[in-house]
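Here's a quick briefing to read alongside the coordinates. Take a look at the structure first, then we'll go through it topic by topic.

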Amino acid sequence: MTSFAETPDGGQNMHVRLRVVANLSALSPDEFWAEMQRHAGKLAYLLEYKRAHGIS
């Protein structure tokens, strides 16, 4: 979502439609990334977060 806010014609008030397909907030970080890998290409993939936290 940050990318939309940072684009030249975007911004904090830009309207974006999205569909939430999973709530993974109850998982531990390891469980979260395992779930993301199981659904590679189907869920948003937070590569920058992984890099920042040394997760491979």
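How many aromatic pairs does a search of the whole structure find? The search turns up one. The centres of the Phe32 and Trp33 rings sit 4.8 Å apart with their planes at 85°, so this is an edge-to-face pair. Keep in mind that this is a predicted model.

**The chain overall**

- Reading from the N terminus, the elements go α-α-α.
- The chain has 56 residues, and buried ones make up 12% of them.
- Accessible surface for the chain totals about 5,200 Å², with 52% of that belonging to carbon and sulfur atoms.

- Helix α2 covers residues 29-38, and Glu35 is part of it.
- Its buried residues are Phe32, Trp33, Glu35 and Met36.
- Looking down the axis of α2, you'd see these buried residues fall within an arc of 160°, so they line one face of the helix.
- On the other side of α2, you'll find Asp30 and Arg38 exposed.
- As background, an α-helix has 3.6 residues a turn, so residues three or four places apart point the same way.

**The buried face, residue by residue**

- Trp33, one partner in the edge-to-face pair, has a relative accessible area of 5%, which is under the 20% cut-off and therefore counts as buried.
- Met36, also in α2, is buried because its relative accessible area is 4%, under the 20% limit.
- Between Met36 and Leu24 there are 9.3 Å in space, C-alpha to C-alpha, and the two are 12 residues apart in sequence.
- Glu35 comes out at 18% relative accessibility, so with a cut-off of 20% it is buried too.
- Leaving aside residues up to four places away in sequence, Glu35 touches Leu24 and Leu27.

**The salt bridge**

- How many salt bridges does a search of the whole structure find? The answer is one, and it joins the side chains of Glu35 and Arg38 at 2.5 Å, N to O.
- The side chains of Glu35 and Arg38 are also listed as making a polar contact, at 2.5 Å.
- Why are Glu35 and Arg38 separated by about one helical turn? They are three residues apart in helix α2.
- In general terms, side chains of opposite charge can pair when their charged atoms come close.
- Are the two partners buried or exposed? Glu35 is buried, with a relative accessible area of 18%, whereas Arg38 is exposed at 57%.

**The exposed side**

- Asp30 lies in helix α2 and is exposed, with a relative accessible area of 67%, which is over the 50% cut-off.
- Which distance separates Asp30 and Ile55 in space? Their C-alpha atoms are 9.1 Å apart, while in sequence the two residues are 25 apart.
- Arg38, at 57%, is over that 50% cut-off as well, so it counts as exposed.

Conventions. Residues are numbered from 1 along each chain as its sequence is written. This is a predicted model: local features need pLDDT of at least 70, side-chain atom pairs count only at pLDDT 80 or more; totals for chains, interfaces and linings use all residues. Side-chain values use heavy atoms; hydrogens and water are left out. Rings of Phe, Tyr and Trp (its six-membered ring) pair if their centres lie within 6.5 Å; planes under 30 degrees apart count as stacked, over 60 as edge-to-face and the rest as tilted. Buried means under 20% relative accessible area, exposed over 50%, partly exposed in between (1.4 Å probe, protein chains only). Helices (H or I, at least four residues) and strands (E, at least two) are DSSP runs, numbered from the N terminus. A polar contact is a pair of N or O atoms within 3.5 Å; within protein, one must be able to donate a hydrogen and the other to accept it, and residues adjacent in sequence count only if both atoms are side-chain atoms. Contact means heavy atoms within 4.5 Å. A salt bridge is a side-chain nitrogen of Lys or Arg within 4 Å of a carboxyl oxygen of Asp or Glu. Accessible areas come from the Shrake-Rupley method with a 1.4 Å probe; for residues, only the protein chains shown count as cover. The arc is that of the directions from the helix axis to the C-beta atoms.
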